[in-house]
Amino acid sequence: MLKLFTAYFVCMLVLFVAVPLFARSEDDAEYAPPPGMFTGTVIDALSRAPIPGLVVIATSPSLSEEQWAWTDDSGGYRLPLLPAGTYTLRFEHPDYPSHTRGDLLLRANQTEQLLVELLPR
C-alpha cells in the first residue's frame with residue numbers, strides 16, 4: 001500500500017510541476033498586433049486632377065526598411081501590412097516638389113486615409 005501511495009504521490013508531483021513548466025498560454029506566445037494600412041489620393045491643388053505615377057514612401061522606427069507604393073491612374077495609393085507606430089510619408093514626383101507628412105500615428109488594424117494636394121513646380 002505504501003508503494004502504491006508513493007507512486008501516486010510522485011506522479012501527481014510530476015504533473016503539478018512539469019505541466020505548468022511546459023504549458024504555454026496565448027499571453028506567453030509572441031503576439032503581433034494586426035497590421036494597419038495607409039491609403040489615400042494625391043491630387044493637383046490647382047486643377048484638382050489626380051496625379052498618377054507618384055511614389056509614396058513610408059518610414060518609421062517600426063519598420064526595418066522603407067515601404068513604398070505608386071499612385072494609380074486615379075491618384076490612389078495603398079501601403080498595406082504596416083506595423084502600428086508613428087510614420088512619415090514622403091510624396092515624390094518629377095513635376096511636383098517633394099512633400100512630407102510626419103508624425104502620422106497608425107494603430108493596429110487601422111486604415112488611415114490621407115488626401116494630399118500638391119502644387120506643380
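Trainee: Is Asp-103 buried or exposed?

Mentor: Residues are called buried under 20% relative accessible area, exposed over 50% and partly exposed in between, with a 1.4 Å probe and protein chains only. Asp-103 has a relative accessibility of 71%, so it counts as exposed. Bear in mind that this is a predicted model, in which local features need pLDDT of at least 70 and side-chain atom pairs count only at pLDDT 80 or more, while totals for chains, interfaces and linings use all residues. Residues are numbered from 1 along each chain as its sequence is written, and side-chain values use heavy atoms, with hydrogens and water left out.

Trainee: What is the phi of Asp-103, and in which strand does Asp-103 lie?

Mentor: Most residues other than glycine have a negative phi. Asp-103, however, has a positive phi near 55° although it is a residue other than glycine, and it lies in strand 6, residues 96-106; strands (E, at least two residues) and helices (H or I, at least four) are DSSP runs numbered from the N terminus. Leu-81, not a glycine either, has a positive phi of about 55°; this leucine lies in strand 4 and is exposed, with a relative accessible area of 67%.

Trainee: Which order do the strands of the open sheet have?

Mentor: Strands of a sheet pair through backbone hydrogen bonds, either parallel or antiparallel, and two strands count as paired if DSSP finds at least two bridges between them. Here an open sheet of three strands has the order 4-1-7, with mixed pairing. Strand 4 (76-82) and strand 7 (111-118) are at the edges, where each has a single partner strand, so one side of each lacks a neighbour in the sheet. From one strand to the next, the twist averages 15°. Strand 1 pairs with strand 7 in the parallel sense, over eight bridges, and Asp-44 has Leu-118 in strand 7 as its bridge partner.

Trainee: How many aromatic pairs does the structure hold?

Mentor: Rings of Phe, Tyr and Trp (its six-membered ring) pair if their centres lie within 6.5 Å, and planes under 30 degrees apart count as stacked, over 60 as edge-to-face and the rest as tilted. The structure holds three such pairs. In one of them, Phe-38 and Tyr-87 have ring centres 5.5 Å apart and planes at 75°, so the pair is edge-to-face. The pair links distant parts of the chain, 49 residues apart, with Phe-38 in strand 1 (residues 36-44) and Tyr-87 in strand 5 (residues 85-93). Phe-38 is buried at 0% relative accessibility, and Tyr-87 is buried with a relative accessible area of 1%.

Trainee: Why is the pair of Trp-68 and Trp-70 edge-to-face?

Mentor: The ring planes of Trp-68 and Trp-70 stand at 85°, with the centres 6.0 Å apart, so this pair is edge-to-face. Both Trp-68 and Trp-70 are exposed.

Note on methods
Axes fitted to C-alpha atoms, helices over the stretch in contact; angles between N-to-C directions.
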